[in-house]
Amino acid sequence: MDNFKQYSQYYDLLYQDKKYKAEADYVYNSLKSINSELLTVLELGCGSGNHATFLVANGMKITGLDRSETMVDEAKSKNIPNFSPIKADVTHFKLNQTFDAAISLFHVMSYLTDNKSLINCLKSVYDHLKPGGLFLFDVWFTPAVYSQKPETRIKRLEDNRISIVRIAESVCDVSKNIVNVNFEVLIKDKVTNQLDIIKEVHPMRHFSIPELELLAKITGFELVKTEEFLTQEMPSEKTWAICVLFKKKLN
C-alpha cells in the first residue's frame, strides 16, 4: 500500500484537533477585507477538503488542487457543495478558469523547497488570478526556526478502529533554509492487531520577509502584508507560521 493511501486513512484523525473553522474564518475575513465581492477561490493543496468545508459555508466557491489522487478521492467522497477537488501538481497546472483569489494552507508552500518549483507555482497561480487577484498562504518563518529550533514531537491519537503514534524528529539544513522532518508513524489496527509503520522525510522550507518580497516581485505580485497566522500580530522570532498575502499587479 502506498504512503498516500495509508496517510488518507488516518489523516482526518491525526488532525482532528486542528482549528479548521477558525482558520477558514481567518482566511475569509482576510480576503473579504480587501475584496468584499470575492467569490471564486483556488485552493492549492486542498487535502481531504477540511478547510473547504467551512469556506463554502461562508459563501465561497472553491476549486481545490492536490497531487494525491487518494486525497482527492477522499475529498470527493465528502460531497462538499460548491467544492471541486482536482488531482494536479501545484507547481504546474492549467485550468480553463480565473479566480478572485487563491489560497494555500497548512504550509503547502514550504514543501516547495527548490526555487524552480516555487517560482513555477507562483507563476501558475498568477496566470489563474483575475487582475488584482489575491494569493494568501502560510509558510514557516526563518527567524522563528533559528530562534526556537525544531524539537522532537510525539503525537498519540485513536478512534474505534486504529491507534496512532507519530514521532517527528527534525534536522536543520542551514545551507538551504530547509528543515528535514523525519516522521515515523505507527498505526495499529485494534481488531486485527496488525501494525503498519510508515517512515517519511518531509523537507520544509522557511522564508524571511525580504525573500518573500523578492519572490513577489519576480513573479508579478506585490507583497501586501505578512502577519502571524490567526492572531494577526507582527511576525517575530516566536512566530513559527506566518500568513503571507500577495496581490497580482495590475498591468
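These legends describe close-up views of a predicted model. Local features are taken where pLDDT is at least 70 and side-chain atom pairs where pLDDT is 80 or more, while totals for chains, interfaces and linings use all residues. Residues are numbered from 1 along each chain as its sequence is written, and side-chain values use heavy atoms, with hydrogens and water left out.

**View 1. N50 in helix α3.** N50 belongs to helix α3, residues 50-57 (helices are DSSP runs of H or I of at least four residues, strands are runs of E of at least two, both numbered from the N terminus). The relative accessible area of N50 is 15%, so N50 is buried (buried means under 20% relative accessible area, exposed over 50%, and partly exposed in between, with a 1.4 Å probe and protein chains only). The side chain of N50 makes polar contacts with the side chains of K78, at 2.9 Å, and S48, at 3.4 Å (a polar contact is a pair of N or O atoms within 3.5 Å; within protein, one must be able to donate a hydrogen and the other to accept it, and residues adjacent in sequence count only if both atoms are side-chain atoms). Leaving aside residues up to four places away in sequence, N50 touches Y11, D12, Y20 and K78 (contact means heavy atoms within 4.5 Å).

**View 2. Buried residues of α3 and the residue G59.** N50, H51, A52, L55 and V56 are buried in α3. An α-helix has 3.6 residues a turn, so residues three or four places apart point the same way. Just after α3, G59 has a positive phi of about 100°.

View 3. The disulfide count is zero (a disulfide is a pair of cysteine sulfur atoms within 2.5 Å). The closest cysteine sulfur to that of C121 belongs to C46 and is 13 Å away, which is too far for a bond. C243 is likewise in no disulfide, and its nearest cysteine sulfur, that of C121, is 15 Å away. C121 is buried at 0% relative accessibility, and C243 is buried at 2%.

**View 4. The largest cavity.** The structure holds one cavity of 30 Å³ or more (on a 1 Å grid over the protein atoms alone, a cavity is a set of points where a 1.4 Å probe fits but cannot get out, and lining residues have an atom within 4 Å of a point). The largest cavity has about 30 Å³ of space (grid points are joined across faces, edges and corners, and a volume is the space filled by probe spheres set on the points). Its lining consists of M109, L118, L122, F137, F207, L212, L215 and F246. Helices α5 (115-127) and α7 (209-218) each supply at least two residues of this lining.

**View 5. E200 in strand β9.** E200 is in strand β9, residues 195-207, and is partly exposed at 21% relative accessibility. A polar contact of 2.6 Å joins the side chains of E200 and H202. E200 and F54 are 146 residues apart along the chain, and their C-alpha atoms are separated by 30 Å.

View 6. Most residues other than glycine have a negative phi. H107 is not a glycine but has a positive phi of about 60°; H107 sits in the loop between β4 (99-104) and α5 and is buried at 16% relative accessibility. N177, also not a glycine, has a positive phi of about 55°. N177 lies in the loop between β7 (162-173) and β8 (178-189) and is partly exposed, with a relative accessible area of 22%.

Conventions:
1 Å grid on protein atoms, 1.4 Å probe; cavity = no way out; pocket = protein on both sides within 12 Å on 5 of 7 lines; lining within 4 Å.
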